[in-house]
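Hi,

Here is the structure I promised to pass on. Have a look first, and my notes follow below.

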Amino acid sequence: MNPQELINAKNLILAMPLNQVMELKEIYGESWSSISSPTTFGKKFKKEYDNESFPNLKWHGVKPNGPNHERYERIK
């Protein structure tokens, strides 16, 4: 993710309700449609998560209906 994408992601995470599991598409809401490659973007987002860029986020794995449905929860 570039620096602006990282800032945007952190702001969207802060806007998430606490303790609610959401797919990345739900976190991004209307702005999700402007992402040119959701699969590639999702991989970048997960890499940032793995690198601990989002300490207030918890990963819940992949939704049972497909590998491109990563789920996250804001925990603080």
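What radius of gyration would a compact globule with 76 residues have, and what does the protein have? The rule puts such a globule near 11 Å, and the protein has 11 Å, which agrees. The radius is taken over C-alpha atoms, and the globule rule is 2.2 Å times the number of residues to the power 0.38.

Before you go further: this is a predicted model, where local features need pLDDT of at least 70 and side-chain atom pairs count only at pLDDT 80 or more, while totals for chains, interfaces and linings use all residues. Residues are numbered from 1 along each chain as its sequence is written, and side-chain values use heavy atoms, with hydrogens and water left out.

Now the overall picture. You'll find three helices and three strands, in the order α-β-α-α-β-β from the N terminus. Both kinds of element are DSSP runs numbered from the N terminus: helices are H or I with at least four residues, strands E with at least two. The C-alpha atoms fill a box of roughly 30 × 30 × 25 Å along the principal axes.

Of the 76 residues, 36% are buried (under 20% relative accessible area; exposed is over 50%, partly exposed in between, with a 1.4 Å probe and protein chains only). Among contacts (heavy atoms within 4.5 Å) with a separation of 6 or more, 49% join residues 24 or more positions apart.

E48 is buried yet has no salt bridge, meaning a side-chain nitrogen of Lys or Arg within 4 Å of a carboxyl oxygen of Asp or Glu. Its nearest side chain of opposite charge is K47, 7.2 Å away (Lys and Arg count as positive, Asp and Glu as negative; His and the chain ends are not counted). Beyond its neighbours within four places in sequence, E48 is in contact with M1, L6, S53 and F54.

Then there are two loop residues to check for backbone angles. Most residues other than glycine have a negative phi. N19, in the loop between α1 (3-15) and β1 (21-23), has a positive phi, near 60°. E52, in the loop between α3 and β2 (57-62), also has a positive phi, of about 65°. As for cover, N19 is exposed with a relative accessible area of 55%, and E52 is exposed with 67%.

Cheers
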